[in-house]
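Keep the picture open as you read, and look for each part as it comes up.

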Amino acid sequence: MVGLLPSLGSECKGDSCRDVISMPLLDDMKATLKADLDVTNMNNHLKAYIEQQVQKGVETAMKDVMRQLIDNKLEEANATIEATILTELERYGITYVRWGRKSCYDGAELVYTGQAGGNRYNYNGGGVNYLCLPNDPENGEHQSYNNPQLFGAEYEIIADWNPRGMSGILGNREVPCAVCHRKRRSSVITIPGRKTCYKDWNVEYNGYLMASHINYKRTDYACIDVHAEPFDNKSATDENGALFYPIRTSCGSLRCPPYKADADVLCVLCTK
Ligand SMILES: [Ca+2]
Ligand SMILES: [Ca+2]
């Protein structure tokens, strides 16, 4: 019996492809059937088929390799983008003053700590805002003109002026402050009249809203931490300067309810 499959790479032509195939017809008859076959077409078909299969295999293998390469590159690119975003996010954030405390809350970075100050409670002119004055000032030159408008601030929280939950030793003591930086946040608000933040906002601190006294010059409102502390160990002396008085509600134009008459005013500083 002759082979039907010529080796790949060699192609038969014409008579060379005409071979005689013999095979047993019936064992008992001890005879053979002989036939001439032209295997040219069969060879060509087989060759084309094999080439097609080889090509498919190569294509599939190439696709797998390319896909793997692309996947790897995409993974690398995603990791780079993510790392870049995280690095950039570190540079962004918000700042706020925490009045009444020397430190920042839970992971917020301390920019500096200092002493609360502002204009004297009974002086005209100047600013109405409280200032957080750093503990390591860079001082200007001495001057003789008469326009002193920068004073330290005192807690004017004496006897029954003490809001619930605040230390009773604060009266006439000086007021610390901390400037805090919270990374990866873009907004900050101080909400008067609440001690909790709204949904999706984070509490930085809560306390009581304070300002000047109704008989003195107007100031800003400031949110004094509920756990306010004295600036230092110096005993309470009534030096005055800028003053922080607790304030209370007054119903009328302020709707009660929802507000409550003659009540301490809570506040909370929120970020997100
Ligand atoms: Ca004092
Ligand atoms: Ca005082």
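Predicted model: local features only at pLDDT ≥ 70, side-chain atom pairs only at ≥ 80, totals over all residues.

## The overall plan

How many helices and strands does the protein chain have? There are one helix and 12 strands.

Of the 272 residues in the protein chain, 28% are buried. Among contacts with a separation of 6 or more, 71% are between residues 24 or more positions apart.

Find strand E6, which covers residues 151–155. Four of its five residues are buried, so the rest of the structure largely encloses this strand.

Which strands pair with E6? One partner is strand E4 (residues 109–118), which runs antiparallel to E6 and is joined to it by two bridges. Here Gly117 stands opposite Gly152 in E6. Another partner is strand E11 (residues 242–246), which runs parallel to E6 and is joined to it by three bridges. In this pairing, Ala153 faces Ala242 in E11. In a regular strand, side chains alternate between the two faces of the sheet.

## The calcium site

Which residues are the protein donors of the calcium ion (ligand 1)? They are Glu154 (OE), Asn172 (O), Glu174 (OE), Thr237 (O) and Glu239 (OE), and they lie 2.3 to 2.4 Å from the ion. Along the sequence, these donor residues follow the spacing E-x17-N-x1-E-x62-T-x1-E. Glu154 belongs to strand E6, while Thr237 sits in the loop between strand E10 (222–225) and E11, so the pair ties together parts that are 83 residues apart in sequence.

You can find Asn172 in the loop between E6 and E7. Setting aside neighbours within four places in sequence, Asn172 is in contact with Glu154, Tyr155, Glu156, Ile158, Ala236, Thr237, Asp238 and Asn240. That list includes Glu154 and Thr237, two donors of the calcium ion (ligand 1).

## Two residues with positive phi

Asn240 is not a glycine, yet its phi is positive, about 60°. Asn240 lies in the loop between E10 and E11. With a relative accessible area of 18%, Asn240 is buried, since the cut-off for that word is under 20%. Apart from neighbours within four places in sequence, the contacts of Asn240 are Arg120, Tyr121, Gly152, Glu154, Glu156 and Asn172. Take Glu156 from that list: Asn240 and Glu156 are 84 residues apart in sequence, but their C-alpha atoms are 8.5 Å apart in space.

Arg184 also has a positive phi, near 60°, and is a residue other than glycine. Where is Arg184? Look in the loop between strand E7 (176–183) and strand E8 (188–192). Arg184 is partly exposed, with a relative accessible area of 45%.

## Two cis peptide bonds

Finally, turn to the loop between E11 and strand E12 (266–271), where Pro257 has its place. The peptide bond that joins Cys256 and Pro257 is cis, with omega about -10°. The bond from Pro257 to Pro258 is cis as well, and its omega is near 10°. Pro258 also lies in the loop between E11 and E12.

Conventions:
Residues numbered from 1 in each chain as written. Chains lettered and ligands numbered in written order. Heavy atoms only, no water. Buried < 20%, exposed > 50% of the residue type's maximum accessible area, 1.4 Å probe, protein only. Pairing = 2+ DSSP bridges. Donors = N, O, S within 2.8 Å, 3.2 Å for Na, K, Ca; no water. Contact = heavy atoms within 4.5 Å.
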